[in-house]
Amino acid sequence: MNYITEILILLFLAITFLQSGYDKIADWKGNVGWLKSHFANTFLGDKVPFSLGIILILEIIAGISALAGIWFLFNDCKEIALYSGIVSCVTLLFLLLGQRIAKDYDGARTIVIYFIPAIFLVFLLK
């Protein structure tokens, strides 16, 4: 199997983003409430539902494209997997920006842990 590393990273990204997206859908009110307090002292405080919706859409696209990327890699086509890695990186950069705006530096550090395999996937597939 030529793409085992890429497939494992895509599985990681699919699990990460689809579970996170599902959590946002299943507990929308809880997420909005927590994030409103998290961003209360920032310019995003009154834009939480809209921002959360954007992140939700990006996460679902990243997760589904990761699954599609696996299928395409089995067919020796790496473009969809590459696009999935790029969307994953963009999504994580949005999340990182939010954590930095909220001055949640521990949360920002956690995002970097997810960013490393995503950017590595882009590096492998470029």
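Leu18 lies in helix H1. Helices (H or I, at least four residues) and strands (E, at least two) are DSSP runs, numbered from the N terminus. This is a predicted model, in which local features need pLDDT of at least 70, side-chain atom pairs count only at pLDDT 80 or more, and totals for chains, interfaces and linings use all residues. Residues are numbered from 1 along each chain as its sequence is written, and side-chain values use heavy atoms, with hydrogens and water left out.

- Leu18 counts as partly exposed because its relative accessibility is 26%. Buried means under 20% relative accessible area, exposed means over 50%, and partly exposed lies in between (1.4 Å probe, protein chains only).
- Leu18 is in contact with Ile60, Gly63, Ile64 and Leu67, leaving aside its neighbours within four places in sequence. Contact means heavy atoms within 4.5 Å.
- Leu18 and Gly63 are 45 residues apart in sequence. In space, their C-alpha atoms are 5.1 Å apart.

**Spans from the UniProt record**

- The unreviewed UniProt entry lists residues 50-73, 80-101 and 107-125 under "transmembrane region". UniProt positions are given in the numbering used here, feature names are shortened, and annotations may be inferred rather than shown by experiment.
- In the model, residues 50-73 are 100% helix and 0% strand. The end C-alpha atoms of this span lie 34 Å apart.
- Residues 80-101 are also 100% helix and 0% strand. Here the end C-alpha atoms are 31 Å apart.

- H3 has 27 residues. From its first C-alpha to its last it reaches 39 Å, close to the 39 Å expected at 1.5 Å a residue. The expected span is 1.5 Å times one less than the number of residues.
- Asp76 follows H3 and is found in the loop between H3 and H4.
- Asp76 has a positive phi of about 60 degrees, although it is not a glycine. Most residues other than glycine have a negative phi.
- Asp76 is exposed, because its relative accessible area is 54%.

**Ser88 in H4**

- Ser88 lies in helix H4, which covers residues 79-101.
- Ser88 counts as buried because its relative accessibility is 0%.
- The side chain of Ser88 reaches the backbone oxygen of Ser84 at 2.8 Å.
- Leaving aside its neighbours within four places in sequence, Ser88 is in contact with Leu13, Phe17, Ala62 and Ala118.

**The loop between H4 and H5**

- Lys103 is found in this loop. Lys103 is not a glycine, yet its phi is positive, near 60 degrees.
- Lys103 is exposed, because its relative accessible area is 58%.
- Asp104 lies in the loop between H4 and H5 too. Asp104 is in contact with His38 and Gln99, leaving aside its neighbours within four places in sequence.
- Asp104 and Leu18 are 86 residues apart in sequence and 23 Å apart in space, C-alpha to C-alpha.

**Helix H5**

- The 21 residues of H5 should span 30 Å at 1.5 Å a residue. Its end C-alpha atoms are 30 Å apart, which agrees.
- A kink of about 30 degrees lies at Phe115, shortly before the proline Pro117. The bend at a residue is the angle between axes fitted to the seven residues ending there and the seven starting there.
- The buried residues of H5 are Gly107, Ala108, Ile111, Pro117, Ala118, Leu121, Val122 and Leu125.
- H1, H3 and H4 are among the elements that cover these buried residues.

**The nonpolar cores**

- The largest nonpolar core has 20 residues. Such a core is a set of buried Ala, Val, Leu, Ile, Met, Phe, Trp, Tyr and Cys residues joined through side-chain atoms within 4.5 Å.
- Leu10, Leu13, Leu73, Leu121 and Leu125 touch the most other members of the largest core.
- The elements that give this core two or more residues are H1 (4-26), H3 (48-74), H4 and H5 (105-125). H1 provides the largest share, 6 residues.
- Another core, of 7 residues, lies apart from the largest one. Its members include Leu35, Phe39, Val48 and Ala102.
- Leaving aside its neighbours within four places in sequence, Leu121 is in contact with Glu6, Ile9, Leu10, Leu13, Ala81 and Gly85.

**The start of the chain**

- Asn2 lies in the segment before H1.
- Asn2 is exposed, because its relative accessible area is 71%.
- Asn2 and Leu52 are 50 residues apart in sequence and 37 Å apart in space, C-alpha to C-alpha.

Note on methods
A polar contact is a pair of N or O atoms within 3.5 Å; within protein, one must be able to donate a hydrogen and the other to accept it, and residues adjacent in sequence count only if both atoms are side-chain atoms.
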